[in-house]
Amino acid sequence: MRIKKVFDNCYIDYNYYLNYKNNYLFLKFFINKHNKKYLNNIINKDYIIDDKKLDKNQKEAVFSDENNILVLSSAGSGKTLTICAKIRYLIEEKNIKENEILCLSFTNDSVNDLKERINYNVDIFTFHKLALEILKDYNISNSIASNYLEYIIEEIFISICKNIDPKTLKYFVNTISSFINLLKNNNYNIDKIKKNNNLLKVIEKIYYIYEEELYSSGLIDFNDMINKTIELINKKGLKRYYKYIIIDEFQDISLNRYNLIKTIKDACNTKLFVVGDDYQSIYRFAGSYLKLVTDFKKYFGYTKIIKLVNTYRNSLELIKVSNTFILKNKNQIKKNINSNKHIDKPIKIIHFDKNLDIKFNKLVDEIDTKIMVLGRNNYDLELVSNDNKKLSFYTVHKSKGLEEENVIVLNLVDDRYGFPNKKKEEVLDLLLPKEKYRYEEERRLFYVALTRTKNNVFLFVDKNKPSIFIKEIIRKNKKYIEVLNL
């Protein structure tokens, strides 16, 4: 008799195993066929929210009801509309109670935007607010140590170096606070990190001073809040019950936020619906972990993946340039993005020498729409001067999620602080996931800059030291690019 090992020390008759396997595969095939037929029927019907008709991919995301759904959005593909429609469908069609839905995003601004657009009394929180609410369920109320770490670092450095330069002080404050936050975000043990330079030895001392100050003052920081909540749920369970967790901007997820969600999901057997764009993952320095998107199934199990591939913002020509550019990162997920909008040459290049400000103002005078002005760094935005009311100024990081009629990107120069930024943070790199491709995150950041526009994107390029990104897109996409002489 043939037998098959199915677990350690567990063997069954091979014919029985084959019969079970075939029945399971048949049942799985039957269920998938039924679900596909149901979806096809319902997707062919119009579904309108906020006077907007959902496209086929958006409807598939709304009506699908797997345990795990990953919606891969694109720039301008209507992800927030899809989230709002999903919540309405769950409440009005699936009869899910409002208090059984948890909706999460990463910033207060994005949470407030969702609250304005979702007309139901569902829990809409940042991850830190969620952790705080769960701690309150157990009558735990620590004060939050907002900016306390930065204050301690400043005090220590000022006491050591009486005449420290403000820019140098700012650098150390930013670097050390980022390191300690990443350490706690990833739940790493500082004792296991080799202190192979003086800065790391200083960081270790500051870390222990900071932890002692928090403890003695009865304070917790944002990372403690999440880690403490996870520990509490594992020990005492969860006092609230969610049937659905919906997460916006999932590409920004970090390991401790993932652990919080996984803990809640396991406690409630919750269904998970997340929306994110791996092309726009630009917060690696703050702990976002892209593999949680690209290897989603590894972390959550069986998952239905739906791609929102219709953009309602960019022209098809701009999409061709930006997609070719971003897919140089081999780990990005391929999406065949479409658009009904056409602009022959949506990318305009303006070369400058030492006359950036003059050319910038001349261009602004020629454009008769609102303009978003973007810089890789705050410094770039300081290079131009104009109080024209039609202009809004952002770093590229702060522009994510925004759009405008036309966009200007400043100071595309091949330099340490250029675009791509070549400045290395060797201390922080000890805690960050390794990049497999050169300028991987900077490439995603430039993709974000290109895709903020509804019409044209104007790129100010240093004539003597042009950005390597500009050289690349010119080499591969000449027919979509126009050089302007101002």
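This is a predicted model: local features need pLDDT of at least 70, side-chain atom pairs count only at pLDDT 80 or more; totals for chains, interfaces and linings use all residues.
How many disulfides does the structure hold?

1. **Cysteines.** The structure holds zero disulfides. As a reminder, a disulfide is a covalent bond between the sulfur atoms of two cysteines. Take C103 to start with: its closest cysteine sulfur belongs to C84 and sits 8.0 Å away, so the two are too far apart for a bond, given that a disulfide needs the sulfur atoms within 2.5 Å. For C268, the closest cysteine sulfur is that of C103, at 16 Å, which is again too far for a bond.

2. **Where those cysteines sit.** Are C103 and C268 buried or exposed? C103 is buried, with 0% relative accessibility. C268 is buried too, and its relative accessible area is 9%.

3. **Strand 10 and its side chains.** Have a look at strand 10, which covers residues 244-247. Y244 and I246 point one way, while I245 and I247 point the other way. In strand 10, the residues on both sides are buried.

4. **The neighbours of strand 10.** Which strands pair with strand 10? One is strand 6 (residues 101-105), which pairs with strand 10 in the parallel sense over four bridges. Within this pairing, L102 has I245 as its bridge partner. Another is strand 11 (residues 271-276), which runs parallel to strand 10 and is joined to strand 10 by four bridges. Here Y244 and K271 are bridge partners. Between strand 10 and strand 11 the chain passes through helix 10 (residues 255-268), and this β-α-β crossover is right-handed.

5. **A lysine in a loop.** K478 lies in the loop that links helix 19 (468-476) to strand 18 (481-484). Its relative accessibility is 61%, so K478 counts as exposed. Setting aside neighbours within four places in sequence, K478 is in contact with K345 and I473.

6. **Space inside.** Rolling a probe the size of a water molecule over the atoms shows where empty space is left. In this model the count is one cavity of 30 Å³ or more. The largest cavity holds about 30 Å³ of space. Its lining residues include A75, T311, N314, Y447 and T451. Helix 13 (residues 316-326) gives the largest share of that lining, with three residues.

Key. Residues are numbered from 1 along each chain as its sequence is written. Side-chain values use heavy atoms; hydrogens and water are left out. Buried means under 20% relative accessible area, exposed over 50%, partly exposed in between (1.4 Å probe, protein chains only). Helices (H or I, at least four residues) and strands (E, at least two) are DSSP runs, numbered from the N terminus. Two strands pair if DSSP finds at least two bridges between them. A crossover is right-handed if, with the strands pointing away from the viewer, the path from the first strand over the helix to the second runs clockwise. Contact means heavy atoms within 4.5 Å. On a 1 Å grid over the protein atoms alone, a cavity is a set of points where a 1.4 Å probe fits but cannot get out, and a pocket is an open set with protein on both sides within 12 Å along at least five of seven lines; lining residues have an atom within 4 Å of a point. Grid points are joined across faces, edges and corners, and a volume is the space filled by probe spheres set on the points.
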